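Work through the exercises below with the sequence and the model open. Try each task before you read its solution.

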2 protein chains.
Amino acid sequence: MSASDPAIVLVRPQLGENIGKAARAMLNFGLTDLRLVAPRDGWPNPDAGPAASGADIVLANARVFGSVADSVADCGFVYAATVRKRGLTKEIVGPEKAATDTRARPGRTAVLFGPERSGLETDDVACAQAILTVPVNPAFASLNLAQAVVLFAYEWSKAGVGEAATFDNYEGAAPQEELEGFIAQLFSGLDTAGYFARIKDRAPASRRMLRNMLTRPGFSANEVRTLRGVIRALTTRRV
Amino acid sequence: MSASDPAIVLVRPQLGENIGKAARAMLNFGLTDLRLVAPRDGWPNPDAGPAASGADIVLANARVFGSVADSVADCGFVYAATVRKRGLTKEIVGPEKAATDTRARPGRTAVLFGPERSGLETDDVACAQAILTVPVNPAFASLNLAQAVVLFAYEWSKAGVGEAATFDNYEGAAPQEELEGFIAQLFSGLDTAGYFARIKDRAPASRRMLRNMLTRPGFSANEVRTLRGVIRALTTRRV
């Protein structure tokens, strides 16, 4: 597993069988970094192994996290794989563009895939910089989890054959945990200022919108540090 | 279903569940022409419907054939999806090239997929003009049937978005039954001439090699007629 291999994150997966199938799909195209967020039936799951058809190394190395934010803490860019519109302003890309951009970008990329039945929640999607959508038949959009994983993995593998484009003068997005630290600092400052108390019922929507706006640009570590300095300056009382 | 939508041909599929999954994979990308060659458990199969997750129209319209040749009789170009080398001299393409060429080519294209456990037999592959291979991890090549179908269907759908390249001055390959008619005529002529009798044990391999050589070029209907005339001329005794 090289430093830039993308992570496949299954968010609250339901069936062990589908975790195994996703692992099999990944290894066919050389991906091995599988992460599980709160798998419904715990982990390890005895149904995963048989469905992986030999991709045991992927299952053995899979890591379990309690939250989406924790699962992508070391990642500089996060895609949310979803077919539904979420009312969030984010770039929407197909598997090919996601894969070529993943190759070109410094740092690690993660792709979030939601539970089999319901897909990602809006709060999960808000943690991502961009949305990954497979352009399917509008009259029959019914890709299963492993098929969605296989399409991204296939494009990622294909993108490695040619020479990838690169971003000029771009140091890459900050690790997600640095961005989260900044957002927490911001929210704390707003709480102290009574901002969320004043808007009452609209506070959850407001937090989500802020998180989304701040996640989308893919701020660099340097930019996040600057923003933290800004917030610190605004929230610290002068003596 | 437009005249140029490719046909997905499952050759001797074993499990009804996998036929249903293939149908589901197809319809996600707008493909509806499913053909089954000698399905192991007959047809219809009660396990197919639940696995199709609503792609019932594809199953309802599926047609069953007794042989690969019959299943592609109306097709001008046939791909054999296989990961294994077959010792046959044929073009090998990935899903993207197969899909864009399918869009560009006049006439109907078929893609043959083999049984789940064993894949296509060499005789099946000999019926195709070209081999479709997904470039997978050499250390773990384990795509399942529906995943192989979904990758071709995805690329076919994607290729429809942009403007496809076209072949100049190419009327398209003859329907496969016209080519088969020519091959049968040739073999009959060779039989009459004692050709196969003389080479004895090597006759089956010789037939296969000939079929392969003659299938690969994608002769047009006009070219096949010309070839038939040639064979007719060579095999008819002058009075």
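**Exercise 1. Where does P44(A) lie, and what is the peptide bond from W43(A) to P44(A)?**

Step 1. P44(A) lies in the loop between β2 (33-37) and α2 (48-52) of chain A. Helices (H or I, at least four residues) and strands (E, at least two) are DSSP runs, numbered from the N terminus.

Step 2. Check omega. The bond from W43(A) to P44(A) is cis, with omega near 0 degrees.

Step 3. Turn to chain B. The bond from W43(B) to P44(B) is cis, with omega near 0 degrees. P44(B) sits in the loop between β2 (33-37) and α2 (48-52) of chain B.

Step 4. Most peptide bonds are trans, and most residues other than glycine have a negative phi.

A note on the source: this is a predicted model, where local features need pLDDT of at least 70, side-chain atom pairs count only at pLDDT 80 or more, and totals for chains, interfaces and linings use all residues. Residues are numbered from 1 along each chain as its sequence is written, chains are lettered from A and ligands numbered from 1 in the order in which they are written, and side-chain values use heavy atoms, leaving out hydrogens and water.

**Exercise 2. What is the phi of S53(A), and what is the phi of K200(B)?**

Step 1. S53(A) has a positive phi of about 50 degrees, although it is not a glycine. The residue is in the loop between α2 and α3 of chain A. S53(A) counts as partly exposed because its relative accessibility is 35%. The cut-offs are under 20% relative accessible area for buried, over 50% for exposed, and partly exposed in between (1.4 Å probe, protein chains only).

Step 2. K200(B) also has a positive phi of about 50 degrees without being a glycine. Its loop runs between α9 (195-199) and α10 (203-215) of chain B. K200(B) has a relative accessible area of 64%, so it is exposed.

**Exercise 3. Is Q176(A) buried or exposed, and which residues does Q176(A) touch?**

Step 1. Q176(A) is in helix α8 (residues 176-192) of chain A.

Step 2. Q176(A) counts as buried because its relative accessibility is 1%.

Step 3. List the contacts (heavy atoms within 4.5 Å). Not counting residues up to four places away in sequence, Q176(A) touches V72(A), A73(A), C75(A), V78(A), C127(A), Q129(A) and T215(A).

**Exercise 4. Where is A148(B), and which residues does A148(B) touch?**

Step 1. A148(B) belongs to helix α7 (residues 145-159) of chain B. Its relative accessible area is 16%, so A148(B) is buried.

Step 2. Beyond residues up to four places away in sequence, A148(B) touches F113(B) and L143(B).

Step 3. Compare sequence and space. A148(B) and A25(B) are 123 residues apart in sequence and 9.3 Å apart in space, C-alpha to C-alpha.

**Exercise 5. How many residues of chain A are in contact with chain B, and how many salt bridges are counted between chain A and chain B?**

Step 1. Count the residues. 30 residues of chain A are in contact with 30 residues of chain B.

Step 2. N28(A), F140(A) and Y154(A) supply 28% of the area that chain A buries against chain B, more than any other three residues. Buried area is the accessible area (1.4 Å probe) that two parts lose on being put together, summed over both.

Step 3. Count the charged pairs. There are 4 salt bridges between chain A and chain B. The rule asks for a side-chain nitrogen of Lys or Arg within 4 Å of a carboxyl oxygen of Asp or Glu. The side chains of E96(B) and K158(A) form a salt bridge (2.8 Å, N to O).
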